[in-house]
Amino acid sequence: MELYKLDLYEASKGIKDRKFSAQELFESCRERIDSCEGKINAFITRTDNAEPITENPYGIFAGVPTVLKDNLCTNGIRTTAASRILGNWKPPYDATAWKYLREAGAVLMGKVNMDEFAMGNTCGNSAFGPTHNPNDISRIPGGSSGGSAAAVSAGYVPFSLGSDTGGSIRQPASYCGVYGMKPTYGMVSRYGLISYGSSLDQIGPFARTIRDIQLVMSVLAQYDPMDSSCFREKNPDFTHHEDASIKGKRIALVKEFQNFTLDAPIAEAMKKTQKVLEENGAIITEVSLPVVSKYAVACYYALAMSEAHTNLERYDGVRYGYTVNDAAGIKEMFERVRSYGFGSEVKSRIIAGTCLTEPSRCDEYYVAATKVRTLIAQEFIRAFGECDFILQPVTPSLPHKIGEEDEDAMKGYETDLYTLPVNLAGLPGLSFFTGYDDSTKLPVGLQLIGPRWSDSEILNAGMILERHLGSPKIADGGVK
Amino acid sequence: MKLSREEVNDIALESRLLLTEKELDGAVKYINNFLDILDSFKELDLTNVEPFSFAEALECPLREDKVKAFTNTQGIFNESEHVDGSYFKVPRIMED
Amino acid sequence: MSELTFTPVIGIEIHIRLKTDTKIFCACSTDTDAPANTNICPVCMGLPGSLPRLNHNVVEKGMLAGMALHCTVQPRSLFFRKSYFYPDLPKGHQISQCDLPVVADGYIEVHDAEGKLKKIRVNHLHLEEDAAAMHHSASDGRLEGASTSYVDYNRAGMPLGEIVSEPDISSSAEAVEYAMNLQRRVRYAGASDADLDKGMMRFDANVSLKCSDGRWGRKVEVKNMNSFRALERAIEFEIKRQKKILQSGGEVLQETRHWNDAKGVTSASRVKEFYRKFIVEPDLPPLIVNQEWIDRVTAMMPEMPDVRANRYVHDMGLTQEAADILTDDKATADYFEACVKAGANPVRAANWVRTEVLRVLNETQKKISEFRVKPEVLAEIVRRVDDRKLSTTQAKEVFDYMCANDCVLDDVVKKLGITEGGVAGNALAEIISNVIKANPDVLAEIQSGKDTKGKKFKFLQGLVMKESKGQAKPQEVVEALTAALKK
Ligand SMILES: [Mg+2]
Ligand SMILES: [Zn+2]
């Protein structure tokens, strides 16, 4: 048995029980990466050339390899957010989430691909070229955390971290056939996460089993004073309870979403999953989310871009990243650095964000969007008065082929309708595996969302689903 | 068309972005399309709705006023091509 | 047609550095003497991924400053992002409470042209971060033609309170009094050192003119004043400039102008007006100040200078002038009160402090906290003069000695040959004997009976008094000298 195939729980247990060494696991993963990476292109920076370094041989991740989305700062290791503008920036500090993993003994194999500054859902909008879906290398892995999803799906590492601003964990998880968790906003410290939409961003894990997601969450979900939006009073319990039950839980479908068309494999997965839930004692109900279904997309983009353009104001070439040395004046310097450094999609979003927050338009657009967000959050609170979880698709269709991006950018955004309301309301969402589509052999994922702080309950439900729907397999990574 | 090419270009300049013709075409389309979608907000009565600021009644945590020097300032300096002695330098700015 | 008259309408924005050990959003030191770019970290350098963390003490100092200006603390305030591109702003935006400040609605009193008290309303004080310091000179110190500006990020993230007045000010004199009064009050409150030389207090003024024919000039924002004198001159310049324009039928443009202190003029800012828009700072939840905290800070507030001066006049019998001088600086007033508390007569202690103490501090360029003569000691000196144990001349001699040397009062008295309770008995006899010995010719004249008018006797008496440093009692000197001459 090749060691790279082990999941996080098995790998860490194997090392502790001295069935194999961290070195052997490390080498197995490295070989796996070497054999697939030419086809997948998940990495921006590999750090697996040295010996495996574990900071804590007794930690729960001792010696287990991992990768990080390249918008998480790593001390002394290049961090690019997949943008030319960061050049070869080596942060002088670690993101808290990575620090927690490091302290638990995890070994860093590298920094992985994403859409530039997390703006996109294909992982093709990167200064380092597109990442390919390990299940079918002609297809996108989804994004923006496509590299993190692909790396776990292809068996590079048993788990990875990504970030989710409007679906950037859940959508690639579903496209690549792994589990992906977007935690409650405030559960995981954002310190050291290169911001996109600060009030929407949240770091979360990818893994091939629910138990592994629980393990990573138990390490990530710690209070961090460095992030003022991190909650102090919560002490979530991510223990893996084999006997967890969903008996009597009310699991709702969204009434308004029933009118939208879904590709056949996804519609089938919805039916199959409802059946499993009912067989395990859950009650399928319906909730209504009229404002969410109609206004969430507009609201999300208005806020994400308003925040993003201010988050991206700092890239001026003075203190770090790409720069020019022969500018005649400061304005010219900033213009040249930013015009060359940012990709087109990022530029469009910066301009859109600037436009929305101009004094003349601010009330009409930005302020209106903050009010719509209040309505959306309230609508979810009402809905969760009537149900425990909501079951819904992650996307209406399976991953498309690379290069077949929709011409109309805004139409692409509408496919985010199932994921981004979760970020607007700061809710937790789990993207889970339901099986493979018969004709395309592509994995099909769905989503379970719950009220704020219900992360561990969602994972309990996810565990039951995994038991009945099966766990995903490692994708062949185009090796076959 | 809500915003003209000139207006979009002006906004780009405010954001310190020089666009190619192609980028400008893209941005004009992108923004006007976007603003059309945002016009849907007008269907909602938002007069008595509070702007959303944080997901819960969250208070700003306060840090104790105690000096803790950052130990890796060299790591900051190493990343800039504009270090001159102990200063960062930029093209001259005329003050008045 | 009657002569046109113009009424200046002036509002002032004052930035003060709040007195804390660390910056507003990170744990870097606020030490202004640190070498360039040593107090920096990912947060104040605006590195990707860094997040702000609000300093408790910044809020508290902001509350103290606000209370010193009769403001009300707001239970809920919020931070915003104020965008502009400039290399002194590491994030490309400033985090500022501009739209929803922590304290609001106060006032400061100034004297108007007729000398009557007038309230200048303070709209609010908001918390914000300072920008980095820029030096626009070549590395060899050359200013003209230098092609490079240098950035020192030590100042980036220093805590500021921006105090915005209503446009209630009508002259440069009122503006200066407003600013000085504000400085005194925030210093009293311990909220800021407001040291102008260290850039801890900076002024911007909004100046417009209202014309008697009903025309209103547009608001001109004048920036870059770093001293009271600059504030005064900039406003006067601007009033004159705008008046000229309006008199000739022209129109005053709404613009931002820079004060050039060396040239004594304002000029239109060459930098395009910063384009400003605010979004809520998504990395900082609302700042909540509860009543308990407000109560605690209220209890910390010291008596303000005007209240204190009133008390000195009414309870201690000081003149208004003396009271104003003593209360100008809190440490001086505290020193004076400590003297009084230690038993000194208030009026005489006040005289000592405002003349002698302030003179020595001025001569030696020292702060009262470093002053050698502690208030209890000065009180003792004042008391001894009252008890005639020291003459005024001796007291000043003792005081001067103690200002220059580390020592205790009694030792100084001894060292300067001053005997407690006057010079009498043997000590007096010794002085007389020495005086007589030193003047044998005068002695001979007296003994030969030539001193019929007593002039020579008075001469010796004066010498004895001088030798005793004015401490001997005249009657005793006459008696002892008469006896000695008879020997
Ligand atoms: Mg300000
Ligand atoms: Zn700092």
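## Close-up views of helix packing and chain interfaces

**View 1. Helices 14 and 15 of chain C cross in a right-handed sense.** The model is predicted. Helix 14, covering residues 455–467 of chain C, packs against helix 15, residues 474–486 of chain C, at an angle of about 120°, and their axes lie 10 Å apart. Helix 14 and helix 15 of chain C are therefore oblique to each other. From helix 14 of chain C, the contact draws on C:Phe457, C:Leu460, C:Gln461, C:Val464 and C:Met465. These residues meet C:Pro474, C:Val477, C:Val478, C:Leu481, C:Thr482 and C:Leu485 in helix 15 of chain C. By class, the residues of this contact comprise 9 nonpolar and 2 polar, with no charged.

**View 2. Helix 6 of chain A passes helix 14 of chain A in a left-handed crossing.** The axes of helix 6 (residues 210–220) and helix 14 (residues 455–469) of chain A come within 9 Å and cross at roughly 160°. Because angles over 145 degrees count as roughly antiparallel, this description applies to helix 6 and helix 14 of chain A. On the side of helix 6 of chain A, A:Ile210, A:Arg211, A:Ile213, A:Gln214 and A:Met217 take part in the contact. Their partners in helix 14 of chain A are A:Asp455, A:Leu459, A:Asn460, A:Gly462, A:Met463 and A:Glu466. The residues of this contact divide into 5 nonpolar, 3 polar and 3 charged.

**View 3. Chain B meets chain A through 51 residues of chain B and 68 residues of chain A.** About 5,200 Å² is buried between these two chains, and carbon and sulfur atoms give 67% of that area. Within chain B, the residues that lose the most area to chain A are B:Arg16, B:Tyr30 and B:Phe52, which together account for 15% of what that side buries.

View 4. In total, 3 salt bridges are found across the interface of chain B and chain A.

**View 5. Chain C contacts chain B with 54 residues from chain C and 33 residues from chain B.** The area buried between chain C and chain B is about 3,800 Å², with 61% given by carbon and sulfur atoms. Across the interface of chain C and chain B, 0 salt bridges are found.

How values were computed: Residues numbered from 1 in each chain as written. Chains lettered and ligands numbered in written order. Predicted model: local features only at pLDDT ≥ 70, side-chain atom pairs only at ≥ 80, totals over all residues. Heavy atoms only, no water. Axes fitted to C-alpha atoms, helices over the stretch in contact; angles between N-to-C directions. Helix = DSSP H or I, 4+ residues; strand = E, 2+ residues; numbered from the N terminus. Parallel < 35°, antiparallel > 145°, perpendicular 65-115°, else oblique. Left-handed = near helix turned anticlockwise from the far one by under 90°. Contact = heavy atoms within 4.5 Å. Nonpolar A, V, L, I, M, F, W, Y, C, P; charged D, E, K, R; others polar. Buried area = accessible area lost by both parts, 1.4 Å probe. Salt bridge = Lys/Arg side-chain N within 4 Å of Asp/Glu carboxyl O.
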